[in-house]
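Reader: I am new to this structure. Please show it to me, and let me ask how you reach your labels.

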Amino acid sequence: MLRFGFLYWVFCFFPYGFEYLNWLTPDDISPWTGVTQWFGETFLGWSFDPERLRKGFDTKYDYSRFLLIAVLSLVLAAIWYVIDARKRWQYNDRLNSLLRTILRYHVGFTMFLYGIAKVYLYQFGYMGLDRMDNAVGENSPMGFLWLFMSYSPTYNIGTGLIEMIGGTLLFFRRTTLLGGIVCFVAMANVVLIDIAYDVTVKMFAIHLMLMVMVLLLDDAKRIFGLLLFNRSIAPRYDVPLISAKYRIPGYVLKTGLIGYILIITFQFSGGIRETRIERLKQNTLHSKYTVEQFVINSDTLPPLRGDEARWDELMIGSSYSPSRMTIKNMAGGSKAYVYEADTIKKSLIFYSRR
């Protein structure tokens, strides 16, 4: 089971889990794209559009990849176990420490990234005109979630700080248990919300919560002994991965790694935040307009209800993109576009969002 878990988690987040390395393009180093499509087509009978795989968004591609790595991990773990049994190698404790170390850093960096996205208020955007103008029934479940999340900066910052604190605690062995409990509570809430509101990253959130549970697994007996039976518990001992003589270089390497990734995370997140703030300041057209006169091909269309060709309202700016424009027609339908403003000609040029 240990070997299977080690292989599965390494395959799982390589390379699509490294979101905290914003300079990394996963597809450039991914070995999964072609073999995942082949596996899904051959064994599951699924078809894929190579141009629209939408990796990471609970698509057929993702389910095919998770099933593929589960099968691959099972086969390789069996071969690994047979080799170890014949050679009589004993290193389970060290392998377990290596797995816990990998998961600690990966979950820690990921939690920190998503926490700072909430603290900097760019994960859910803000309550823009497009959201305030929509009727409740016009939102998808996921859209409704984004609507109420964007309403409260206080809630966003609070949940973000919890995720950042939990992630930071995972960077150190002595605080792993506390960090794991904090992260588990945070991720259990995220998973429940994602399932309830049909958010299209459920598999990602579930896997992240399972990684936290793996970190807590070795302490589960001690936790239940303390909480349920009031038993005294002994300190936890992790087999060190490096010998004592390399401890100082190891601390230096660890400090450098954590510092580097946290610095680029702050820079990346701060850049997104500042860019959005600057765009909002520059967008003087950000407002909602009623179309009083509509002329197309030299023909003036009267404002008749039910006319899909005639515009009713024009809304410039959105919760995420100041360069977005939404047009509502007299039949109640709407379409979103990306626009460019020509202040000299006093005109707007707009394009399909796709």
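Author: Start with a contact between two helices. This is a predicted model. In α3, Trp 32, Thr 33, Val 35, Thr 36, Gln 37, Phe 39, Gly 40 and Leu 44 meet residues of α4. On the α4 side are Tyr 61, Ser 64, Arg 65, Leu 67, Leu 68, Ile 69, Val 71 and Leu 72. By class, this contact has 10 nonpolar, 5 polar and 1 charged residues.

Reader: What makes α3 and α4 roughly perpendicular or roughly parallel?

Author: Helix α3 spans residues 32-44 and helix α4 spans residues 60-87. Their axes cross at roughly 90 degrees. Angles of 65 to 115 degrees count as roughly perpendicular. Therefore α3 and α4 are roughly perpendicular to each other. Their axes come within 9 Å.

Reader: How many disulfides does a search of the whole structure find?

Author: The search finds 0. A disulfide needs a pair of cysteine sulfur atoms within 2.5 Å. For Cys 12, the nearest cysteine sulfur is that of Cys 183, 17 Å away. So Cys 12 is in no disulfide. Cys 183 is in no disulfide either: its nearest cysteine sulfur, that of Cys 12, is 17 Å away.

Reader: Does Cys 12 count as buried or exposed, and why?

Author: Buried means under 20% relative accessible area. Cys 12 has 6% relative accessibility, so Cys 12 counts as buried. Cys 183 has 0%, so Cys 183 counts as buried.

Reader: What does Thr 154 count as, buried or exposed?

Author: Exposed means over 50%. Thr 154 has 65% relative accessibility, so Thr 154 counts as exposed. Thr 154 has its place in helix α8, residues 153-169. Leu 121 is 33 residues apart from Thr 154 along the chain. The C-alpha atoms of the two are separated by 9.7 Å.

Note on methods:
Residues are numbered from 1 along each chain as its sequence is written. This is a predicted model: local features need pLDDT of at least 70, side-chain atom pairs count only at pLDDT 80 or more; totals for chains, interfaces and linings use all residues. Side-chain values use heavy atoms; hydrogens and water are left out. Buried means under 20% relative accessible area, exposed over 50%, partly exposed in between (1.4 Å probe, protein chains only). Axes are lines fitted to C-alpha atoms, for helices over the stretch in contact, and angles run from 0 to 180 degrees between N-to-C directions. Helices (H or I, at least four residues) and strands (E, at least two) are DSSP runs, numbered from the N terminus. Angles under 35 degrees count as roughly parallel, over 145 as roughly antiparallel, 65 to 115 as roughly perpendicular and the rest as oblique. Contact means heavy atoms within 4.5 Å. Ala, Val, Leu, Ile, Met, Phe, Trp, Tyr, Cys and Pro count as nonpolar, Asp, Glu, Lys and Arg as charged, and the others, Gly among them, as polar.
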